[in-house]
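Welcome! Let us walk through this structure together, one stop at a time.

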Amino acid sequence: MWLIGPFVVLYLFVYAAPIGYSVVQSMFSRRNVTSLGFGGIQTVFVGFGNYAAVLTDPEFWASMGRIALLGFVQVPIMLALAVALALLIDSKVGRGSRVFRLVFFLPYAVPGVIAGILWSFLYGPTLSPIVKGFAEFGVSVDFLGRDTVLWAIANIITWTFAGYNMLIALSALQAVPAELYEAARIDGANEWQIAMQIKLPHLRPALVLSGTLSIIGTIQIFTEPQTLAIVSPFITSKYVPTMAALNAAFGANNFGLAAATSVVIAVIAGILSVVYYRITSVKA
């Protein structure tokens, strides 16, 4: 009991208490208490009024739609890339595995704001060598346009987190008994057959974990769109749900609405992650 005491205290203070305070805060709102507006702004109890405002806000659901589209396309691509990198490093074909492991993981070590600023230069039409390279072939690209900025964000997320998920997959591969590989080679299996018939089945639990974390992370995405908002006029203050919560708190000075938005985001993330985990863990 004494050994887990410090953890319990920190958990309650850092995690549970802020969540409880957010739930309480979401029940209140700052508004004029008189019809003429001369009574000043006071904090009043509104019950589930903030939640009703969030759930009936079309801009909030539009932002959730962008997140759903982003997750539906980006997460499978990122996980497939992570698995491919893990298989390459784990195989005997990949030389210098330690170096490649560090190189692939390095983007995850870059702070999100720095990564956003870096990619904003690579996306900018005046400074980007990528845009200029396409222009040499007569192709005009606008990575920050209305229809492309979401995929520009997806590219940053994939670049950042593919290496992180690769390490999870690689850890699962290194836990596979070497006897299975030896038996497969004795039976005449080549490296491709070993990868498909032995390695991939053992990766399913790791992919369940990576997929669950990716779903939660996608719904909570904030840094990348917030950074690119400086260079793209199509990223509004409510482009993603977390930006909507920030705008409600510090733009509209309505901390109750911001808290309700955060709680709704957390509930949606929890439901989706549990559903995904239940479905995929049964198959795994």
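**A first stop: Thr227**

Thr227 is found in helix α10, which covers residues 223-228; helices (H or I, at least four residues) and strands (E, at least two) are DSSP runs, numbered from the N terminus. What you are looking at is a predicted model, in which local features need pLDDT of at least 70 and side-chain atom pairs count only at pLDDT 80 or more, while totals for chains, interfaces and linings use all residues. Residues are numbered from 1 along each chain as its sequence is written, and side-chain values use heavy atoms, with hydrogens and water left out.

Is Thr227 buried or exposed? Thr227 counts as buried because its relative accessibility is 10%; buried means under 20% relative accessible area, exposed over 50%, and partly exposed in between (1.4 Å probe, protein chains only). Leaving aside residues up to four places away in sequence, Thr227 touches Val113, Gly116 and Ile117, where contact means heavy atoms within 4.5 Å.

Now step back to the whole chain. Its secondary structure comes to 12 helices and 2 strands, and from the N terminus on the elements run α-β-β-α-α-α-α-α-α-α-α-α-α-α. The C-alpha trace spans about 85 × 65 × 30 Å along its principal axes. Of the 284 residues in the chain, 36% count as buried. Among contacts between residues at least 6 apart in sequence, 65% join residues at least 24 apart.

Ile89 counts as buried because its relative accessibility is 8%. Although Ile89 and Leu170 are 81 residues apart in sequence, they are 8.0 Å apart in space, C-alpha to C-alpha.

Next comes helix α7, whose 26 residues (149-174) reach 38 Å from the first C-alpha to the last, close to the 38 Å expected at 1.5 Å a residue. That expected span is 1.5 Å times one less than the number of residues. Helix α7 also has a kink of about 35 degrees centred on Phe161, the bend at a residue being the angle between axes fitted to the seven residues ending there and the seven starting there.

Finally, look at helices α8 (residues 178-186) and α9 (residues 191-219), which pack at an angle of about 145 degrees with their axes 10 Å apart. Here axes are lines fitted to C-alpha atoms, for helices over the stretch in contact, and angles run from 0 to 180 degrees between N-to-C directions. In this contact, Leu180, Tyr181, Ala184 and Arg185 of α8 meet Glu191, Ile194, Ile198, Lys199 and His202 of α9.
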